[in-house]
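Here are some quick notes to go with the model, for anyone opening it for the first time. Have a look at it, then read on.

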Amino acid sequence: MNTPADNHSKLIGYLLWIFGFTGSHRFYYGRPVTGTIWFFTLGLLGIGWLIDLFLIPGMDRDADLRYTPGHLNYNIAWLLLTFLGLFGVHRMYMGKWLTGILYLFTGGFFLIGVLIDLWTLNDQVSQENSRRLSMAGVQ
């Protein structure tokens, strides 16, 4: 049986869980709908946030199975989005230089682009990893 690549880190998941009432750990693990719900309800008034302490290993396993490993590291992309998203550094890391520079001069497209990236970053990294693997001839 093949074990999935460890795309997402439990350590980063738990660090983001500290701010989990904002839904950050849920966005990280590719659960944008519940991440948004957590954001607007402060982690379901803290109850969902506490329950997630025990759900993170399962969310980590699901993310590892769902997203394509490759050259781009999910953890680096998420750290760049979390701390430098307004400046587009995460987009530059993915090779999206034009939008990265636009983010730099517009505050992440006036925060709208950063919010969209919270919803889609895992898929963006996965697609780029798939594209690079197919270009290298690896299936």
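Leaving aside its neighbours within four places in sequence, which residues is V125 in contact with?

1. Those residues are L72, Y74, A77 and M94. Keep in mind that this is a predicted model.

2. V125 also turns up in the largest nonpolar core, which has 20 residues. Together with Y28, Y29, W78 and L121, V125 is among the residues there that touch the most other members. Two or more residues come from each of α1, α2, α4, α5 and α8, and α5 gives the most, with four. As background, nonpolar side chains tend to be buried together in soluble globular proteins.

3. Zooming out, you'll find eight helices and zero strands in the chain. Of the chain's 139 residues, 41% are buried. Take the contacts with a separation of 6 or more: 59% of them join residues 24 or more positions apart.

4. On overall shape, a compact globule of 139 residues would have a radius of gyration near 14 Å, and the chain's 15 Å agrees with that. The C-alpha trace spans about 45 × 45 × 20 Å along its principal axes.

5. The chain has 9 positive and 8 negative charges, and their mean positions are 3 Å apart.

6. Two spots in the backbone deserve a look. Most residues other than glycine have a negative phi. Yet L42 has a positive phi, near 55°, and L45 has one of about 60°. L42 lies in helix α3, residues 32–45, and L45 is in helix α3 too. L45 is exposed, at 73% relative accessible area.

How values were computed. Residues are numbered from 1 along each chain as its sequence is written. This is a predicted model: local features need pLDDT of at least 70, side-chain atom pairs count only at pLDDT 80 or more; totals for chains, interfaces and linings use all residues. Side-chain values use heavy atoms; hydrogens and water are left out. Buried means under 20% relative accessible area, exposed over 50%, partly exposed in between (1.4 Å probe, protein chains only). A nonpolar core is a set of buried Ala, Val, Leu, Ile, Met, Phe, Trp, Tyr and Cys residues joined through side-chain atoms within 4.5 Å. Contact means heavy atoms within 4.5 Å. The radius of gyration is taken over C-alpha atoms; the globule rule is 2.2 Å times the number of residues to the power 0.38. Lys and Arg count as positive and Asp and Glu as negative; His and the chain ends are not counted. The place of a charge is taken as NZ of Lys, CZ of Arg, CG of Asp or CD of Glu.
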